[in-house]
Amino acid sequence: MQPDVLIVGSGMGGATLAAALAPSGRRIVILERGERLRDCPEARDPHAIFGRGFFRPKETWRDIKGEAFSPGNYACVGGNTKFYGAVLLRYRAEDFRPLRHIGGTTPGWPISYEELEPFYGKAERLYRVRGDATGDPTEPPRSSVYPFPPVPDEADVASLRRSLAAQGLHVSALPLGVDIDRWLARAPTAWDAFPDTTGAKADAETAGLAEALRYPNVTLLAGTKATRLLREGRRAAGVEVERNGGRETLSASVVCLSAGAIMSAALLLASTDGEHPQGLANSSGQVGRNFMNHNLTAMIAYNPIRRNRTVYEKTIQFNDWYLTGGPNGEPLGNVQMLGRVTGPILAGESGLPLWLAGHVAERSMHIMAMSEDLPDPDSRVLWRDGGIVLDWRRTNLDAHRLLVSRLGRTMRRAGWPIVLSRGFPKSKPSHQCGTARMGADPATSVVDANLKAHDLDNLFVVDASVLPTSAAVNPSLTVAALAFRAGEHIRSRVFPA
Ligand SMILES: Cc1cc2nc3c(=O)[nH]c(=O)nc-3n(C[C@H](O)[C@H](O)[C@H](O)COP(=O)(O)OP(=O)(O)OC[C@H]3O[C@@H](n4cnc5c(N)ncnc54)[C@H](O)[C@@H]3O)c2cc1C
């Protein structure tokens with residue numbers, strides 16, 4: 001029997017949408033190209049993960065010069081959230097309005113923070129977020145409290161928190177979807193970039209999908225890769241898939257694309273037909289454009305005579321320069337702990353010999369600077385010769401450099417005199433977004449404020465593609481909140497009782 005809703009992708013957007021729609025009783029089928037991750041020794045082995053790239057997908061993409069690279073983009077049930085740092089932050093209220101940055105002014109969103117606020121609350125409950133909304137002056141207003149208290153600071157992080165506060169900074173708890181006791185029971189490691197195989201991280205599989213699959217009307221088809229969308233007039237008529245070694249076409253009343261910002265854009269661009277040589281939902285020519293991914297720098301603050309005895313470290317942040325840190329009051333970005341870097345991790349990421357990496361890692365604190373990447377129509381995902389080309393043009397780099405140098409000074413004052421920093425490589429688009437942006441104007445956006453494609457009556461895009469701006473906070477909670485909001489729209493307007 002034909003389902004009511006087909007969802008392509010079981011990551012943050014797709015799984016949350018399924019959870020939002022499940023109580024409606026509508027028949028929902030989720031197509032996921034990957035399989036469920038099984039527990040294995042490598043899941044907590046930093047040598048395997050960072051040194052050997054054990055979980056890295058086998059596919060390659062190309063950059064605009066034609067050079068192939070292996071993207072840090074995971075294909076499994078739960079998508080990239082299986083490996084995520086589980087930092088579940090709300091965008092700040094100001095992020096929804098035009099903001100003047102050093103690198104340009106952002107467009108406003110077609111919805112306000114206030115319109116998304118109740119859905120942030122639903123997302124925080126589904127993803128069992130541990131947090132404390134006090135102490136951060138940029139924290140937006142909220143109508144609900146965090147469902148759990150924050151993950152506790154370890155002693156060395158508590159000490160860093162005091163040193164930062166002594167410099168006048170407003171340090172607050174990083175909101176996290178991690179059950180720390182359960183996580184540590186499997187092995188004493190950090191969780192960022194380690195896959196969750198025990199349910200200790202609230203990710204798209206263990207939270208969103210688990211909730212959706214409690215309902216008999218929801219089915220997951222893992223190992224099912226969508227290759228193309230078919231169109232009939234103003235409707236998405238079907239999804240061509242590869243499955244069990246064969247090809248078939250599935251159809252539904254409503255089709256939701258939740259394959260992630262790069263794969264969703266690629267699927268739309270690959271779905272050409274005689275009338276639409278630019279691909280589906282792309283009369284604006286905007287599909288694939290405005291690709292953003294944050295400017296991220298990992299920093300190692302080293303002191304040869306101090307030890308870092310932490311296991312997970314990733315519990316604090318500050319946003320003192322988030323809205324107004326620049327020379328003329330421009331935003332600079334967010335600062336948060338990176339997550340515990342150990343010798344094998346540093347050796348795997350930097351190529352340093354293990355003994356030296358171990359020496360540095362054990363005598364340093366590990367912190368991350370994150371600045372907004374602004375939408376640029378020339379920064380884009382292309383579909384060429386049956387493959388993905390990523391032409392990511394970074395923006396707003398002066399703001400990021402300023403953030404990094406200010407953070408370096410701050411860490412030196414906090415008692416860590418040597419600060420090493422390294423930008424995240426372009427081959428790891430972990431905070432990818434923007435490639436099918438939401439907007440009121442069909443000439444400059446791909447989907448409307450309810451995430452329905454302007455060009456088609458039954459196609460929704462529900463993932464990080466739709467974000468009009470990247471802000472300077474981790475994207476997942478905003479993707480989940482938007483999925484709840486789109487789910488409510490589909491339930492009440494597309495399938496009214
Ligand atoms: C190492 C790492 C750490 C991160 N840490 C954080 C963090 O701390 N906080 C945060 O907010 N964000 C973090 N992120 C980013 C976060 O994971 C993404 O923002 C989020 O997963 C985006 O949700 P999505 O629905 O757009 O895509 P995804 O969650 O990636 O889901 C896309 C899904 O679609 C599937 N798919 C793709 N193509 C097809 C196809 N053709 N057919 C069928 N299925 C398909 C994929 O396999 C995947 O399951 C991190 C990412 C990484 C890689």
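Figure 1. The model is predicted: local features need pLDDT of at least 70 and side-chain atom pairs count only at pLDDT 80 or more, whereas totals for chains, interfaces and linings use all residues. Residues are numbered from 1 along each chain as its sequence is written, and side-chain values use heavy atoms, without hydrogens and water. Helices (H or I, at least four residues) and strands (E, at least two) are DSSP runs numbered from the N terminus. The buried set of α10 consists of A399, H400, L403, V404, L407, G408, T410 and M411. After α10 comes G415, with a positive phi near 105°.

Figure 2. Strands count as paired if DSSP finds at least two bridges between them. β13 pairs with β16 in the antiparallel sense over eight bridges, with L296 opposite M370. β15 is also antiparallel to β16, through four bridges; M337 has I367 as its bridge partner.

**Figure 3. Nonpolar cores.** A nonpolar core is a set of buried Ala, Val, Leu, Ile, Met, Phe, Trp, Tyr and Cys residues joined through side-chain atoms within 4.5 Å. The largest has 136 residues, and those with the most contacts inside it are L31, Y127, V239, L459 and L482. Helix α11 (residues 476-494) supplies the largest share of this core, nine residues. A second, separate core of 24 residues includes L164, M299, I316 and V335. Contact means heavy atoms within 4.5 Å. Leaving aside neighbours within four places in sequence, L459 is in contact with L229, A236, V255, L268, A281, L451, K452 and A453.

**Figure 4. The four-stranded open sheet.** The strand order is β4-β3-β18-β17, with mixed pairing. β4 (68-69) and β17 (380-384) stand at the edges with a single partner strand each, so one side of each has no neighbour in the sheet. β3 (residues 61-63) and β4 run antiparallel and are joined by two bridges; W61 has F69 as its bridge partner in β4. Helix α7 (residues 261-270) packs on the sheet, touching β3, β17 and β18 (387-391), and its direction makes about 45° with that of β17. Axes are lines fitted to C-alpha atoms, for helices over the stretch in contact, and angles run from 0 to 180 degrees between N-to-C directions.

**Figure 5. Two asparagines with positive phi.** N244 has a phi of about 50° although it is not a glycine, and lies in the loop between β10 (235-243) and β11 (246-250). N244 counts as exposed (over 50%) at 72% relative accessibility. N290 has a phi near 60° and lies in the loop between α7 and β13. N290 is buried, with a relative accessible area of 2%.

Notes
Buried means under 20% relative accessible area, exposed over 50%, partly exposed in between (1.4 Å probe, protein chains only).
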